[in-house]
Amino acid sequence: MIMSSVNNSVLEICFAKLFRYIDESTGVLRKAESEYKGHRSLLMRTRNLLSTMQRQDVLDRIIMAVGFLLFSLAVLYVVSKRIGLLTLQRKVTEAIKAGMAGKAELRPQDIVDKININHVRNMEAPIDQRIHDEL
């Protein structure tokens with residue numbers, strides 16, 4: 001009987017230690033699970049932020065490309081107009097020179113006499129002074 005009581009007390013001590021270890025293990029597992037859930041929500045928020053930032057990056061690149069394209073088109077337009085004006089100016093100058101070569105008697109005053117001065121108002125420059133229009 002003494003043996004059985006000793007065995008029972010030893011068994012009780014072993015079971016008590018076993019249950020205590022199981023309780024500690026369960027506590028550690030619950031703590032790890034709560035940390036995992038916290039990290040999981042953090043990872044989900046981080047993933048959402050990264051996908052939002054990637055979309056914004058793509059949108060920014062598209063806006064930059066469209067802006068650069070519009071700027072380039074504007075520069076090409078201005079340059080083409082400027083070159084076109086220079087070409088037109090050269091052609092007009094050549095035509096005037098070719099026309100003037102045969103008519104040496106044509107003077108700027110003759111042209112001014114033909115213009116109806118009543119339609120011209122607020123002229124700041126005198127008629128004899130040339131006005132240059134530059135781009």
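This is a short tour of the structure, stop by stop, with something to select each time.

**Before you start.** The model is predicted, so local features need pLDDT of at least 70, side-chain atom pairs count only at pLDDT 80 or more, and totals for chains, interfaces and linings use all residues. Residues are numbered from 1 along each chain as its sequence is written, and side-chain values use heavy atoms, with hydrogens and water left out.

**Stop 1: the whole chain.** Show the cartoon view. You will find two helices and zero strands; helices (H or I, at least four residues) and strands (E, at least two) are DSSP runs, numbered from the N terminus. How much of the chain counts as buried? Of its 135 residues, 1% do. Here buried means under 20% relative accessible area, exposed means over 50%, and partly exposed is in between (1.4 Å probe, protein chains only).

**Stop 2: two rings.** Select Phe15 and Phe19. Both lie in helix H1, four residues apart, about one turn of the helix. A search of the whole structure finds one aromatic pair. Its rings, Phe15 and Phe19, have centres 6.4 Å apart and planes at 25°, so the pair is stacked. The rule covers rings of Phe, Tyr and Trp (its six-membered ring) with centres within 6.5 Å: planes under 30 degrees apart are stacked, over 60 edge-to-face, and the rest tilted. Phe15 is partly exposed, at 45% relative accessible area.

**Stop 3: charged partners.** Side chains of opposite charge can pair when their charged atoms come close. A salt bridge is a side-chain nitrogen of Lys or Arg within 4 Å of a carboxyl oxygen of Asp or Glu, and the count is two.

- Select Glu33 and Lys37: their side chains meet in a salt bridge, 3.7 Å from N to O. They are four residues apart in helix H1, so about one helical turn separates them. Glu33 is partly exposed at 42%, and Lys37 is partly exposed at 48%.
- Select Asp57 and Arg61: the closest N and O atoms of this salt bridge are 3.2 Å apart. Asp57 is partly exposed at 36%, while Arg61 is exposed at 57%.

**Stop 4: a recorded span.** Select residues 62-80. UniProt lists them as "transmembrane region" in an unreviewed entry; its positions are given in the numbering used here, feature names are shortened, and annotations may be inferred rather than shown by experiment. The span is 100% helix and 0% strand, with its end C-alpha atoms 27 Å apart.

**Stop 5: a nonpolar patch.** Select Val58, Ile62, Val66, Leu69, Leu70, Leu73 and Leu76, which make a nonpolar surface patch of about 670 Å². Patches are made of residues with over 30% relative accessible area and no salt bridge, joining like charges within 9 Å and nonpolar side chains (Val, Leu, Ile, Met, Phe, Trp, Tyr) within 5 Å. Finish on Leu76, which lies in helix H1 (residues 2-102). Is Leu76 buried or exposed? Leu76 is exposed, with a relative accessible area of 56%.

Terms used. Areas by Shrake-Rupley, 256 points an atom, 1.4 Å probe, with all protein chains shown as cover.
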